[in-house]
Amino acid sequence: MIPYRSSFVRLCAYRQIVQLRNVTSDSKIELPSVRLGRRGMVLWCIPVVTFGLGTWQVKRHYWKQDLIQNLNDQMAKEPIDLPQDIQNIGSYEYQKVKIKGRFDHSKEQLLGPRPLIKKEGFNLISAGDNGYLVVTPFKLSDRPYSILVNRGWVGCRKKDPNTRLDGQVEGEVEIVGVVRKSEPKNAIDRAGFWLRRDIDLMAKSLGTAPVFIDADAFSTVPGGPVGGQTRLSMFNNHFSYIITWYSLSLITTIAMCNRTFPKFFAKFDR
């Protein structure tokens, strides 16, 4: 009986091998049809480039967050004395400084128009009222030169200094302010006021050092300009760009896959 049993096992194994060969020879493995070409290769650059732009915006988003945080930390620091070396005063932007001296109201300038900035809680908001910033030369008590001080905001009806004589501070005063840099826009003087904060040009016309200080809110006196008009003009809108670029990358990737592998995607349309 043993020889018959071994022959039966060999026969079954042989039939299985034959069946497997038939299945393999009859069946065809269908690979997705690929249609690419030069034009397709160029079009595939679209999802790749948009994905790269989205990734770049992610890095920009976190960079801007760190920049805003550093700016807020700078504004929260205790005020220091105005540096003796003012050649690199731009590196102290948004640093609070203490200065002592006298205002020269005869050379007062207007910068604007600008909205009034008010503090509500921990936030600074624009009140919507139009007016001007009063920029006045400030003769330092411990230096042989003057600097520019933005005393604050006045309404359109208070542009004329004769309408706010009570607020024209006389004598030596000590104020705290924030160091500012020039605005990167045209600062043409029109109708007796400056459109933008061009420190070098303003300092040259008034005969002062190229230093510009925004007086803080505590410098406000009755009848005078409203201090504390430092605007932190830094917005982080990179998140919307991240959504835009990654969405374009996803949409174009799906479209290009459908173009490159038409038979494969045709199965999902059935």
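Modeller: Happy to! Contact here means heavy atoms within 4.5 Å of each other. Please keep in mind that this is a predicted model, in which local features need pLDDT of at least 70 and side-chain atom pairs count only at pLDDT 80 or more, while totals for chains, interfaces and linings use all residues. Residues are numbered from 1 along each chain as its sequence is written, and side-chain values use heavy atoms, with hydrogens and water left out.

Let's begin with Val149. Setting aside neighbours within four places in sequence, Val149 touches Ile99, Phe103, Val134, Val135, Thr136, Phe138, Ile175, Ile213 and Ala215. Val149 is also among the residues with the most contacts inside the largest nonpolar core, along with Leu82, Ile99, Phe138, Ile147, Ile175 and Val211. That core has 18 residues; such a core is a set of buried Ala, Val, Leu, Ile, Met, Phe, Trp, Tyr and Cys residues joined through side-chain atoms within 4.5 Å. Two or more of its residues come from each of strand 2 (96–103), strand 4 (123–140), strand 5 (146–155), strand 6 (173–180) and strand 9 (212–215). Helices (H or I, at least four residues) and strands (E, at least two) are DSSP runs, numbered from the N terminus. Another core, of 12 residues, lies apart from this one and includes Leu116, Val135, Leu148 and Leu206.

Now to the strands themselves. Strand 6 is largely enclosed by the rest of the structure, because six of its eight residues are buried (under 20% relative accessible area with a 1.4 Å probe, protein chains only; exposed is over 50%, partly exposed in between). Strand 2 runs antiparallel to strand 6 over six bridges (pairing takes at least two DSSP bridges), and Ile99 has Ile175 as its bridge partner there. Strand 6 also pairs with strand 9, in the antiparallel sense over four bridges. Within strand 9, Phe212 is the bridge partner of Arg180, and Asp214 stands opposite Val178. Strand 5 pairs with strand 9 too, in the parallel sense over three bridges, with Asn150 partnered by Asp214.

In a regular strand the side chains alternate between the two faces of the sheet. In strand 9, Phe212 and Asp214 point one way and Ile213 and Ala215 the other, and all are buried.

Beyond its sequence neighbours within four places, Asp214 is in contact with Asn150, Val176, Gly177, Val178, Arg180, Gln229 and Thr230. The side chains of Asp214 and Thr230 make a polar contact at 3.2 Å: a pair of N or O atoms within 3.5 Å, where within protein one must be able to donate a hydrogen and the other to accept it, and residues adjacent in sequence count only if both atoms are side-chain atoms.

Finally, helix 4 (residues 199–206) has Ile199, Met202, Ala203 and Leu206 buried. These residues lie on the same side of helix 4, because they cover an arc of only 100° around the axis (the arc of the directions from the helix axis to the C-beta atoms). On the face turned away sit the exposed residues Asp200 and Lys204. Gly207 follows helix 4, with a positive phi near 70°.
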